[in-house]
Amino acid sequence: MKIIFATHNHNKVKELNQLVPKPISLLSLDDINCTKEIEETGSTLEENAKIKADYVLKKYGLNCFSDDSGLEVDALQGAPGVFSARYAGPEKNNDANIEKIWEELGGILNPKACFRSVFHLNLNGKSYSFEGRVDGKLIYEKRGSGGFGYDPIFIPEGFEKTFAELGDEVKNKISHRAKATMLLLEHLTVLL
Ligand code: IMP
C-alpha cells in the first residue's frame, strides 16, 4: 500500500519509511511529481497539517498524511506556534527566533512551554488527527549542540538538560514528534 507523506523533506520520508510495516511504502510529494510548496495558511498546527493532506487528496485522490509542529509558550499565549520556523522573519533564522522569544518573555521566571506535533491522515475516505506533545520550560541561555530549532533553550519536564544536550537518542523517545509518529504508526498497523 502506497501512502503519500505530504512533504518535500526527503529525510522525514526516509526516516518514517524505516518505521512503517513492510506492506506500506511512503512517497514524498516529489515522488508524485508535485513540486508545489503548499502554503501553510492555517492558524493552528491542526489546520496546517489538514491543508497539506487535503491538497494531495483533492488534487491526486491518494491516501496521504501530513505533519506540522511547533513550540507553544504559555506566557506568549501559545506563540510562536504555527509561526515557529519564521517567528523573527521569513529567513527562518533559528538564532533570531530564539532572541525574539527571549525579548517577548521579558525575563519572567521559568517560562512554561511545550512542543506539539500534529499529523493529519486521509485514508480510504476517512480522516484522522494524531497529536504528540512534550511539556517543559525555557531557559535564557543556549545549552547543547544537538537537535535543531529551539532545542538549546527547551528543557523537557523530568529532565535537567535541554533537548540539544540530551541528544537524538533520548529526544527521539520522548519528543512530540516521536509520540505523534507512534500514534500514526499504530493506526496504520491496525489497518493491515
Ligand atoms: P516542522 O513543522 O516540523 O517543520 O517544524 C516547524 C518549526 O517548529 C521548526 O522550524 C522549528 O522552529 C520548530 N520545531 C519543531 N519541532 C522542533 C523540535 O523538535 N525542536 C526544536 N524546534 C522544533
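Entry 1: I noted at the outset that the model is a predicted one. I began with His120, whose side chain makes a polar contact of 3.2 Å with the side chain of Asn122. I then looked up where His120 sits, and found the residue in strand S4, which covers residues 112-123. Is His120 buried or exposed? Its relative accessibility is 7%, and because buried means under 20%, His120 counts as buried. Setting aside residues up to four places away in sequence, I listed what His120 touches, and among them are Ala49, Lys50, Ala53 and Asp54, as well as Cys64, Phe65 and Ser66. Ser127 and Tyr128 are also touched by His120.

**Entry 2: the strands around S4.** I followed S4 to its partner and found that 12 bridges join S4 to strand S5, residues 126-138, with the two strands running antiparallel. One of the facing pairs I wrote down is Ala113, which stands opposite Gly136 in S5. Between S4 and S5 there are two residues, the pair of strands forming a hairpin, and in the turn Asn124 has a positive phi of about 45°. From S5 I went on to strand S6, residues 154-156, which is joined to S5 by three bridges and runs antiparallel to S5. Here I noted that Leu138 stands opposite Phe154 in S6.

**Entry 3: the largest pocket.** How much space lies in the largest pocket? I recorded about 1,500 Å³. The pocket is lined by 47 residues, of which Lys12, Asp67, Ser69, Phe148 and Arg177 are the closest to its centre. I next checked which elements give two or more residues to this lining, and they are helix H1 (10-17), strand S3 (64-73), helix H3 (94-105), S4, helix H4 (163-174) and helix H5 (176-190). H5 gives the most, with six residues. Sorted by class, the lining of the largest pocket has 16 nonpolar, 17 polar and 14 charged residues.

**Entry 4: a leucine in another strand.** Last I turned to Leu27, which I located in strand S2, residues 25-27. Leu27 and His10 are 17 residues apart in sequence, and I noted a C-alpha to C-alpha distance of 9.1 Å between them. With its neighbours within four places in sequence left aside, Leu27 is in contact with Lys2, Ile3, Ile4 and Phe5, and also with Val13 and Ile32.

How values were computed. Residues are numbered from 1 along each chain as its sequence is written. This is a predicted model: local features need pLDDT of at least 70, side-chain atom pairs count only at pLDDT 80 or more; totals for chains, interfaces and linings use all residues. Side-chain values use heavy atoms; hydrogens and water are left out. Helices (H or I, at least four residues) and strands (E, at least two) are DSSP runs, numbered from the N terminus. Buried means under 20% relative accessible area, exposed over 50%, partly exposed in between (1.4 Å probe, protein chains only). A polar contact is a pair of N or O atoms within 3.5 Å; within protein, one must be able to donate a hydrogen and the other to accept it, and residues adjacent in sequence count only if both atoms are side-chain atoms. Contact means heavy atoms within 4.5 Å. Two strands pair if DSSP finds at least two bridges between them. On a 1 Å grid over the protein atoms alone, a cavity is a set of points where a 1.4 Å probe fits but cannot get out, and a pocket is an open set with protein on both sides within 12 Å along at least five of seven lines; lining residues have an atom within 4 Å of a point. Grid points are joined across faces, edges and corners, and a volume is the space filled by probe spheres set on the points. Ala, Val, Leu, Ile, Met, Phe, Trp, Tyr, Cys and Pro count as nonpolar, Asp, Glu, Lys and Arg as charged, and the others, Gly among them, as polar.
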